[in-house]
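Me: I would like to go through this structure with you and ask, for each term you use, what it rests on.

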Amino acid sequence: MRKHIYALSGAGLLLSVSLTALTAQEHSGALPAPPDFAAQSEPNFVSLSDIQEFRALDKYNEPDWVTKKFVEAGTLPPVAERLPKEPLVYKTANMPDGVGVYGDVMRHVIGGRPEGWNYIGGQAQGWGGIDIGLSECLTRTGPLFTVKAEELEPMPNLAKSWEWSEDGHTLTMHLIEGAKWSDGDPFDSEDLMFYWEDHVLDANVSPLNGATPETFGVGTTLEAIDAYTVKWTFKEAFPKQYLWAMAYGTFCPGPAHIQKPQHPKYSSNTYEQYKNAFPPEFMNMPSMGAWAVVEYRPDDIVVMRRNPYYWKVDDQGNQLPYLNEMHYRLSTWSDRDVQAVAGSGDFSNLEQAENYVESLRRSAEDTAPARLQFGARTIGYALQPNLSSNGWGEPDTRAQAVRELNRDLNFRKAISIGLDRQRLGESLVRGPFTAIYPGGLYAGTSFYDAASTVYYPHDLEVAKSLLDGLGLVDTDGNGVRNFPADTANGADVEITLLANSDYGTDTNLAEGVIAMMEPLGLRVIANFQQGNARDDAATAGQFDWAVNRQGASMVSIVQNTAELAPTGPRVHPFHRGGTDGTLDLLPFEEELVAVVNKFIATNDNAERAELMKQYQRLYTENVYSIGLTQYPGALIVNKRFANIPAGAPIFMFNWAEDSVIRERLYVPADKQADHELHPETLPGEPGSAGPV
Ligand code: BQZ
């Protein structure tokens, strides 16, 4: 807009324009090295085959009370009949404390709230390990933090083995034959096809964690060969990358025998009625996970009891899990930290930097009930500008004008250069935790390349001159810059900032951004929403800017890779399809999409490393999102639990609730506490009240 006018009218003006451009480029500088912060413990790196296998054992065991009260009473088949032909067998040699004993509870505290149990229909279940525990997936990746880098590939899970065709365009997968849902109904390819055809491919449904057709490659098909065999067909050859997308959260099938009768394709329900067909009050929803929900008290607690049909055992034949019950107290994420270090809760991902000092102090005491161990810097926050200018989120005139600004490189640069990241980090916690994070891939992760990372250091004057250069001048003298007269009626530049009010870190960072934009003459308005509402607003594009804790794709790259760029209209966190479903990508975004698709289509590590260097340069040079801070998280677990793997990060390929393999955790008999709310009971009939 105004900048071009400058260029056309005389030498003097030309000089000023090039000055601005020069300064910005000139202004990229060396990124300060993150403060030294060694992870407190390293994983024991092993091979995948050291962890698990699928095989039949001669004999199987279960808790005595299950045998007495259920099998001998004839209300449950013997354990051997409840298990698949070849269960998943965990090798005790890989268990830090060896074979476990049955009993006790893990008491989670969470900040989310369950909307219902329709995971594949898009309902949130409260997070904090609930959905991770209830929804098993075709492959698994959480525990891969402990696997040797050169052997990294998704672990078999519901899919116990697979083979590629010679040309690499088809992948035949074999499911765990004879496995059953927690209500005893057979698990088979019908469950997979129901998820694929009536959820992933049905544009009226958005499964939780965002699976879309692009997640598995444009034009990919899936067909059932028989009850325990499915066949994928891909356009690319050997796209092994999609095996990562078959893990948590994008290919975790639901119980077709319960859900299909409620789906609009097979009933008179609307899609909204289908989404809400299994409210939180619906007990005993069938699960392939180690526990199933037997009690729910709103704003109080979700209780789960062991799944008698769980299809995993240890190599002594003991059916897992060892823990009989799971509690999820419905509180706040901060309270999770407090209760974990106090010992009234058993588990926390210490992820809110504001709680670090107090948590460290409490857990350092000799009498501390919990162990706290820091991992690598895998928690990262960014300011994400909504880049859609063709209708995503139905912007009004003001918001549309902000989208246009967001799409201007000099505007994004001005915001980035206007932010004082050192101060932002210190506002959360002092000490060696937070690092200056420009955006893009994280320092310390396997594909990170410092030389490909462009950083624009903090400088208020340069930021102001960039905004001046965009013609954003405070024409009414109220300290806030105005749009040019022909844009949004020359109104003040007001920008809404979406953040998750369930986390102090999210709102503190957002308030930091708001305060740092004020001297630039930009009025940023807080739009703080609770978890589920925030997630819905973000998915619907109802934001100008969003402060967001980034997902696994930024940490591991190989997990959720498709969302590293807008590879599809419903994939990317801050640029999705507009009113007509199309994406109005900026030129550098086109390049990013091409790089990400090449990354997905190749298995050559050297080529992948090169592609991620291109990705990082494109991302940081163009200030795709505006990095805020990056810091390590710490896993807090009560000391009575055994088999916690060394060096477990709170977040890498997935959250620690997956990575620590909770079905293998146990409490030695002499340390067991009497916390079970429903001792010696099992999940009842789907939809019936409580356990039996
Ligand atoms: C961990 C995680 C397990 C979701 C959620 C929550 C949602 C987001 C994110 C984290 C919570 C905990 O994170 O903060 O420590 O327990 O649940 O699922 O933030 O609102 O949508 O992506 O994982």
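Me: Which residues lie nearest the centre of the second largest pocket, and what makes a residue part of its lining?

Reply: The second largest pocket is lined by 45 residues, and A149, L152, S446, S556 and F653 are those nearest its centre. A pocket is an open set of points, on a 1 Å grid over the protein atoms alone, with protein on both sides within 12 Å along at least five of seven lines, whereas a cavity is a set of points where a 1.4 Å probe fits but cannot get out; a lining residue has an atom within 4 Å of a point. Two or more lining residues come from each of the elements α8 (242-245), α19 (552-556) and α21 (605-621). Such elements are DSSP runs numbered from the N terminus, with helices (H or I) of at least four residues and strands (E) of at least two.

Me: What kind of model is this, and how are its residues numbered?

Reply: It is a predicted model, in which local features need pLDDT of at least 70 and side-chain atom pairs count only at pLDDT 80 or more, while totals for chains, interfaces and linings use all residues. Residues are numbered from 1 along each chain as its sequence is written, and side-chain values use heavy atoms, with hydrogens and water left out.

Me: What is the volume of the second largest pocket, and how does its lining divide by class?

Reply: The volume is about 1200 Å³, where a volume is the space filled by probe spheres set on grid points that are joined across faces, edges and corners. The lining of this pocket comprises 24 nonpolar, 12 polar and nine charged residues. In this scheme Ala, Val, Leu, Ile, Met, Phe, Trp, Tyr, Cys and Pro count as nonpolar, Asp, Glu, Lys and Arg as charged, and the others, Gly among them, as polar.

Me: How many cavities of 30 Å³ or more are there, and what lines the largest cavity?

Reply: There are four cavities of 30 Å³ or more, and the largest cavity has a volume of about 190 Å³. It is lined by 19 residues, of which I132, G133, E136, R140 and D658 are the closest to its centre. The elements α6 (130-134), β4 (139-140) and α22 (656-659) each give two or more residues to this lining, which by class has six nonpolar, six polar and seven charged residues.

Me: How many charged residues are in the lining of the second largest cavity?

Reply: That lining has no charged residues, but 11 nonpolar and five polar ones. The second largest cavity has a volume of about 150 Å³, and among its 16 lining residues W117, L134, S135, P255 and P286 lie nearest its centre.

Me: Why is Q384 called buried?

Reply: Q384 has a relative accessible area of 4%, and buried means under 20% (exposed is over 50%, partly exposed in between, with a 1.4 Å probe and protein chains only), so Q384 is buried. Q384 lies in strand β16 (residues 379-385), and its side chain makes a polar contact with the side chain of N548 at 3.2 Å. A polar contact is a pair of N or O atoms within 3.5 Å; within protein, one must be able to donate a hydrogen and the other to accept it, and residues adjacent in sequence count only if both atoms are side-chain atoms.

Me: Why is W196 counted as buried?

Reply: W196, in helix α7 (residues 189-200), has 2% relative accessibility and therefore counts as buried.

Me: What makes phi of I557 and of V623 worth a remark?

Reply: Each is a positive value in a residue other than glycine, near 65° for I557 and near 45° for V623. I557 is in the loop between α19 and α20 (587-601), and V623 is in the loop between α21 and β21 (626-631). I557 is buried, with a relative accessible area of 0%, and V623 is buried too, with 3%.

Me: Which residues come nearest to the ligand?

Reply: Among the 14 residues around the ligand, R336, E351, Y503, D535 and E657 come nearest, a residue being near if one of its heavy atoms lies within 4 Å. A polar side-chain atom of D535 lies 2.8 Å from an oxygen atom of the ligand.
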